[in-house]
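Visitor: I've just opened my first protein structure and I'm a bit lost. Could you walk me through how to read it?

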Amino acid sequence: MSRGRPGRDDSPDRLYTLTGGRSRAGSDAFDLVTLVVSESDPVPGMQSEHAAILRMCRLPTAVVEVAAGLGLPVSITRILLADLHDTGRISARHPRASYRLPDHDILEQVLVGLRNL
Amino acid sequence: MDSVTSEQRRTLHSTADNGLKIVVVGGFGVGKTTLVRSVSEIRPLNTEETMTQAGEGVDDTAGVAAKSATTVAFDFGRISFDAHNVLYLFGAPGQERFWFLWDRLFSGTLGAVVLVDTRRLADSWYAIDRLEHHGTPFVVACNDFGGPAHTPARIRGALDLADEVPLVMCDARSRESSKQVLITLVEHLRTVVAPAVRPVPQPIPEPAP
Ligand SMILES: Nc1nc2c(ncn2[C@@H]2O[C@H](COP(=O)(O)OP(=O)(O)OP(=O)(O)O)[C@@H](O)[C@H]2O)c(=O)[nH]1
Ligand SMILES: [Mg+2]
């Protein structure tokens, strides 16, 4: 990809405008690997980033992929996602496992998956 | 409509619902992106996280704490295993100045691979310290850049690695080798994540005096 590093050229002002100056309140629920799924199509007049997210997430797409696709920092992407989630336009499938919540079945599945690579 | 016939799966199954994370951390140019690329089903993508440090004085009228914003770039790849599970691999810089971002970036990660270049072992000291401090399970993978061969014992000594932390040699350019690094990590995770029912007890090696 010849595109520059996302977000690099964005002035704080532009990012401020995108998010209406809000902080990340309400967006913490979105993990980097939370899978986002559109629940509706874009509608005319919608903020273009919101519309882009709805198009991107017709099939499950991780938050970090949405950020890369938009060319925006993850923190800004989370806020945009929270907007869409609040209005029911997307649903979020949050990760189940972490090393703090041990789940042997998941580890077994990962191992099988890796061995089959 | 993921009827992509090429070698690359561009979209996930509609049923995908469980994102998993593994972090590959290491010094500049140690091969993080190469390793991610070797096993990923997508070309590694690059993105960044910006953090505004709490508690910094916000003195401008806009109220945007842009002045104290710090940015860390990272790349990631993806492996989807089955209809539900999809693993994301993150390549992240291990330098000290980025670490305050990590809690946020990598909370909930399954574990980490510390990629090291044996010519520059000290570059990974800080990463190892932090992972130990966080209690994040990890393995150390030595990427072979053709430097002088060191014995595993010497590398362990230089990194002050705990006995139970696996140490493997790898070539990040090789898919098979990179895959083996990840398998080593997940096998290690199985031993540190206590199963509900303990398997047959293994003899515990005598700690070195
Ligand atoms: N000889 C050798 N070269 C390697 C190996 N792995 C990576 N390289 C090369 O080392 C260089 C740096 O690799 P990258 O994967 O970009 O390293 P990185 O850790 O992502 O680098 P930064 O993101 O810039 O910190 C590239 O030219 C790779 O081709 C290896 O196992 N052996
Ligand atoms: Mg890199």
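**Reading the model together**

Guide: Chain A has 5 helices and 3 strands. Read along its sequence, they come in the order α-β-α-β-α-α-β-α. Keep in mind that this is a predicted model.

Visitor: And how many helices and strands are there in chain B?

Guide: Chain B has 5 helices and 7 strands. Its pattern along the sequence is β-α-β-β-β-α-β-α-β-α-β-α.

Visitor: Since it's a prediction, where is confidence lowest and where is it highest in chain B?

Guide: Look at pLDDT, which is the predictor's confidence in each residue, from 0 to 100. Chain B has a mean of 82, with 78% of its residues at 70 or more. Its confidence is lowest in helix α2 (residues 102-106), with a mean of 69, and highest in α1(B), at 97. Over residues 55-66 of chain B, the pLDDT is below 50, and that stretch has 10 contacts in the model beyond near neighbours in sequence. The model as a whole scores ipTM 0.81 and pTM 0.84.

Visitor: Okay, salt bridges next. How many are there over all chains?

Guide: A search of the whole structure finds 13. Take A:Asp31 and B:Lys21, whose closest N and O atoms are 2.9 Å apart. This pair crosses between chains: A:Asp31 sits in the loop between α1 (12-18) and β1 of chain A, while B:Lys21 belongs to strand β1 (residues 18-26) of chain B.

Visitor: Are those two partners buried or exposed?

Guide: A:Asp31 is buried, and B:Lys21 is buried as well. Compare that with the salt bridge of B:Asp171 and B:Arg173, where the closest N and O atoms are 2.8 Å apart. There, B:Asp171 is partly exposed at 24% relative accessibility, and B:Arg173 is exposed at 63%.

Visitor: What should I look for in a helix?

Guide: One handy idea is that an α-helix has 3.6 residues a turn, so residues three or four places apart point the same way. Now try helix α5 of chain B, residues 175-192: its 18 residues reach 26 Å from first C-alpha to last, close to the 26 Å expected at 1.5 Å a residue. Within α5, B:Lys179 and B:Glu176 are separated by about one helical turn because they are 3 residues apart. They form a salt bridge with closest N and O atoms 3.7 Å apart. B:Lys179 is buried, with a relative accessible area of 7%, whereas B:Glu176 is partly exposed at 48%.

Visitor: Which residue caps the N-terminal end of α5(B)?

Guide: That's B:Ser174, with a side-chain oxygen 3.3 Å from the backbone nitrogen of B:Glu176.

Visitor: What does a buried charged residue do if it has no salt bridge?

Guide: Check what surrounds its side chain. B:Lys32, in helix α1 (residues 32-39) of chain B, is buried and has no salt bridge; the nearest side chain of opposite charge, B:Asp75, is 7.5 Å away. A polar atom of the B:Lys32 side chain does lie 2.7 Å from the backbone oxygen of B:Gly27, and one lies 3.3 Å from the backbone oxygen of B:Gly26. Among the other residues that B:Lys32 touches are B:Val24, B:Pro93 and B:Leu115.

Visitor: And what about backbone angles?

Guide: Most residues other than glycine have a negative phi. B:Asp160 is not a glycine, yet its phi is positive, at about 55°. You'll find B:Asp160 in the loop between α4 (152-159) and β7 (167-170) of chain B, and at 63% relative accessibility it is exposed.

Visitor: One last loop, please! Which residue's side chain does A:Glu39 join in a polar contact?

Guide: A:Ser91, at 2.6 Å. A:Glu39 lies in the loop between β1 (35-38) and α2 (48-56) of chain A, and it is partly exposed at 49%. Beyond its neighbours within four places in sequence, A:Glu39 also contacts A:Gly88, A:Arg89 and A:Ile90, along with A:Ser91.

Conventions
Residues are numbered from 1 along each chain as its sequence is written. Chains are lettered from A and ligands numbered from 1 in the order in which they are written. This is a predicted model: local features need pLDDT of at least 70, side-chain atom pairs count only at pLDDT 80 or more; totals for chains, interfaces and linings use all residues. Side-chain values use heavy atoms; hydrogens and water are left out. Helices (H or I, at least four residues) and strands (E, at least two) are DSSP runs, numbered from the N terminus. The expected span of a helix is 1.5 Å times one less than its number of residues. A polar contact is a pair of N or O atoms within 3.5 Å; within protein, one must be able to donate a hydrogen and the other to accept it, and residues adjacent in sequence count only if both atoms are side-chain atoms. Buried means under 20% relative accessible area, exposed over 50%, partly exposed in between (1.4 Å probe, protein chains only). Lys and Arg count as positive and Asp and Glu as negative; His and the chain ends are not counted. A salt bridge is a side-chain nitrogen of Lys or Arg within 4 Å of a carboxyl oxygen of Asp or Glu. Contact means heavy atoms within 4.5 Å.
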